[in-house]
Amino acid sequence: MMNIPIPTGTCIDSRDNLRWLFVLRNLMIVGEALVILISIYGLNFPLREAPLWGILTVLAAFNWWTWLRLGMESPIGEMELFIQLSFDVLAITAILYFTGGATNPIAWFFLLPLIIAATILPQFYTWYMVIFTSGCYTVLMGFYQPLPEIQPVTLQGTESAHYAHAVLQRNHGLELHVFGMWFGFVFSAVLVAYFVVEMANTLRERERRLAEVREQSLRNERVVALGTLAAGAAHEMGTPLGTMAILIHEIEAECECANNTEMRDKMRILREQVARCKAALSVLSASAGEIRAEAGHVMPLLDFLGQTVDGWRRQRSGTRLDYQTGGPDIQPRILAEQTLTHALINILNNAADASPEGIELHVRWDQTRATLKILDHGPGIAPNVSERLGKTPVSTKEQGLGVGLFLAFATIERLGGTITMAARPEGGTCTTITLPLVSTTESP
């Protein structure tokens, strides 16, 4: 099995996570500023304003640099996210150092970087963050600046003054602790309910993309294997068909000399059948990818489809095809490839096999895409079969292998198109194909 390249997707996800960190850090700066303002002017609690506002200024400057970093094209790795979170831990440690250390009721802020690291980073980064945050919390238990004491009011008598001072400080300390716990609960609830969930969704989206890449990789491996088998079969069958063509030509010459008209007519039919087999082998080789580089070129959409329909009608002259086109008054152009022609013919053949009395081909387009709808009047397609189409060879014919339809799906998707097959309510199957068009402003 081939290796799956995922670094690009990882960089995209890391950029999304850094964007969420940028938003969350902005909210933390605003929240810390509100706590300082409420504590000083609402609770009349004398905090050390100068260092606190200085820390918030540095944090805001770092977040401004993060905003500039998001605009750069260089990839964002997991180590850079860890450094971003470590800077937040240092900022929280500095704020708590000037506001009572571990005795501050908002010391739970250390959990925020830890939760985010556990959500968006590998496990070993999370353990580093556990050690780092635990170390900072431990240091703050012994080294910190105590909260300033509240100045006592002037009352009569020394005992009354000390009593009032003790009551006032106890009440303010209780108010600050209750407010800190309330703010911590609200902030944690918002964080868990929104930001952490959004980051988890980002990780789930990444896993979904990786699953799609793995599925596409397995599909490509199967296509390559089928192409290899097709090329080998074409090579092995080409030699005997060439020998048969030479012998038929010699027999025709002998019949010409002997004036054997009946045998000459039989040889002509045999020669046509051999030529048809050789044409089928060229189709097989083209499906395997062995086509000339000049086989793909830009041409008008209607000319390309007209040639494809004419070629199909020559092969299936007994099946009626209702061909309709319509769209804006523009000249749509498409990248015409031989493999695309074979894919469309293969799908038309499948529709004609299911509905020998006739099929329909409706073509519509706009400035960017063309939509082809192939309608038949057969028995329809089962939902379980429709889900497997394009992912693995599937055939409902007794003698079929399902390889042609599988390669048709792969060809259309390789060219940037889509294809779906669904049962029609009135009976039959509707095959919808969308193909990208070449802009009219581009030179052919």
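Colleague: How many helices and strands are in the protein chain?
Modeller: The protein chain has eleven helices and seven strands. Keep in mind that this is a predicted model.

Colleague: And what share of the residues counts as buried?
Modeller: The chain has 444 residues, and 40% of them count as buried. The chain exposes about 25000 Å². Carbon and sulfur atoms supply 62% of that area.

Colleague: What about contacts between residues at least 6 apart in sequence?
Modeller: Of those, 73% join residues at least 24 apart.

Colleague: Let's zoom in. Where is Ser86?
Modeller: Ser86 sits in helix H3, residues 78–97.

Colleague: Buried or exposed, and why?
Modeller: Ser86 is buried, because its relative accessibility is 13% and the cut-off for buried is under 20%.

Colleague: What does the side chain of Ser86 reach?
Modeller: The backbone oxygen of Phe82, at 2.8 Å. Leaving out residues up to four places away in sequence, Ser86 also touches Met129 and Phe132.

Colleague: Are they buried or partly exposed?
Modeller: One of each. Phe62 is buried, with a relative accessible area of 17%. Phe87 counts as partly exposed, at 24% relative accessibility.

Colleague: Back to Phe82. What is the geometry of its pair with Tyr125?
Modeller: That pair is tilted: 5.5 Å centre to centre, 45° between the planes. Phe82 lies in helix H3 and Tyr125 in helix H5, residues 123–142, so the pair ties together parts 43 residues apart in sequence. Both Phe82 and Tyr125 are buried.

Colleague: New topic: helix H9. What span should it have, and what does the model give?
Modeller: Helix H9 covers residues 338–354. Its 17 residues should span 24 Å at 1.5 Å a residue, and the end C-alpha atoms are 25 Å apart, so the two agree.

Colleague: Is H9 mostly covered or mostly open?
Modeller: Mostly covered, with twelve of its 17 residues buried. Among them are Leu340, His342, Ile345 and Asn349.

Technical notes:
Residues are numbered from 1 along each chain as its sequence is written. This is a predicted model: local features need pLDDT of at least 70, side-chain atom pairs count only at pLDDT 80 or more; totals for chains, interfaces and linings use all residues. Side-chain values use heavy atoms; hydrogens and water are left out. Helices (H or I, at least four residues) and strands (E, at least two) are DSSP runs, numbered from the N terminus. Buried means under 20% relative accessible area, exposed over 50%, partly exposed in between (1.4 Å probe, protein chains only). A polar contact is a pair of N or O atoms within 3.5 Å; within protein, one must be able to donate a hydrogen and the other to accept it, and residues adjacent in sequence count only if both atoms are side-chain atoms. Contact means heavy atoms within 4.5 Å. Accessible areas come from the Shrake-Rupley method with a 1.4 Å probe; for residues, only the protein chains shown count as cover. The expected span of a helix is 1.5 Å times one less than its number of residues. Rings of Phe, Tyr and Trp (its six-membered ring) pair if their centres lie within 6.5 Å; planes under 30 degrees apart count as stacked, over 60 as edge-to-face and the rest as tilted.
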